[in-house]
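These are my notebook entries on a single protein chain, set down in the order in which I looked things up.

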Amino acid sequence: MSEDGLPQLDPVIHAQARLRVTVALSSLGPGDSITFPRLQQLLDMTPGNLSTHLRKLEDAGYVEITKAFEHRTPVTLVQLTTRGRAAFEEYTKALHRLLEVPGDGRA
């Protein structure tokens, strides 16, 4: 909570692009992953932009990026970590609390 009593939103997740990434990854089951190109396609992001935001999420421990091979072809897999899933749940709870705060009726 902030000094004014309003809930704090996680700044790592709150950036629009990272929020979109986190939402997309949270729709996967725990432990499930998605390939980088498929995530890029779903989010309509450039490879560089997606990489930059994934790095911030990875640095926070929210995503795990795994490089592997499928039939001799390199593949990059992305998944939300347990910590990332918990952070996203906390983020959505804080957002709901923020939206439920009664206003004073002034415009």
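Predicted model: local features only at pLDDT ≥ 70, side-chain atom pairs only at ≥ 80, totals over all residues.

Entry 1, a loop residue. I looked up Asp44 and found that it counts as exposed because its relative accessibility is 72%; buried means under 20% relative accessible area, exposed over 50%, and partly exposed in between, with a 1.4 Å probe and protein chains only. Asp44 lies in the loop between α3 and α4, where helices (H or I, at least four residues) and strands (E, at least two) are DSSP runs numbered from the N terminus. Its phi is near 50°, which is a positive value in a residue other than glycine.

Residues are numbered from 1 along each chain as its sequence is written, and side-chain values use heavy atoms, with hydrogens and water left out.

Arg72 counts as exposed, because its relative accessibility is 81%. The hairpin of β2 and β3 has two residues between the strands, and in it His71 takes a positive phi near 50°.

I recorded five helices and three strands in the protein chain, in the sequence pattern α-α-β-α-α-β-β-α. Of its 107 residues, 32% count as buried. The accessible surface comes to about 7,200 Å², with 53% of it belonging to carbon and sulfur atoms; accessible areas come from the Shrake-Rupley method with a 1.4 Å probe, and for residues only the protein chains shown count as cover. Among contacts (heavy atoms within 4.5 Å) with a separation of 6 or more, residues 24 or more positions apart account for 53%.

Which residues of α3 (residues 36-43) are buried? I found Phe36, Leu39 and Leu43, and they are on the same side of α3 because they cover an arc of only 65° around the axis; the arc is that of the directions from the helix axis to the C-beta atoms. The face turned away from the buried side of α3 carries the exposed residues Pro37 and Gln41. The cover over the buried residues of α3 includes α2 (16-26), β1 (34-35), α4 (47-59) and β3 (73-80).

The buried residues I listed in α2 are Ala17, Arg18, Val21, Thr22, Ala24 and Leu25, and an arc of only 160° around the axis puts them on the same side of α2. Leu19, also in helix α2, is partly exposed, with a relative accessible area of 23%. Leaving out residues up to four places away in sequence, Leu19 touches Ile13, His14, Phe88 and Tyr91. Leu19 and Phe88 are 69 residues apart in sequence, yet 8.8 Å apart in space, C-alpha to C-alpha.

A nonpolar core is a set of buried Ala, Val, Leu, Ile, Met, Phe, Trp, Tyr and Cys residues joined through side-chain atoms within 4.5 Å. The largest one has 23 residues, and Val21, Leu25, Leu39, Leu43, Leu50 and Leu54 have the most contacts inside it; α2, α3, α4, β3 and α5 (82-100) each supply at least two of its residues. Beyond four places away in sequence, Val21 touches Leu39, Leu43, Met45, Leu50, Leu54 and Leu57.

Entry 8, the strands. Two strands pair if DSSP finds at least two bridges between them. I found β1 joined to β3 by two bridges in the antiparallel sense, and β2 paired with β3, also antiparallel, over eight bridges. Val78 in β3 stands opposite Ile34 and also opposite Ile65.

Not counting residues up to four places away in sequence, Thr76 touches Ile34, Thr35, Phe36, Ile65, Thr66 and Lys67. The side chains of Thr76 and Lys67 are joined by a polar contact of 3.5 Å, a term for a pair of N or O atoms within 3.5 Å, of which, within protein, one must be able to donate a hydrogen and the other to accept it, while residues adjacent in sequence count only if both atoms are side-chain atoms.
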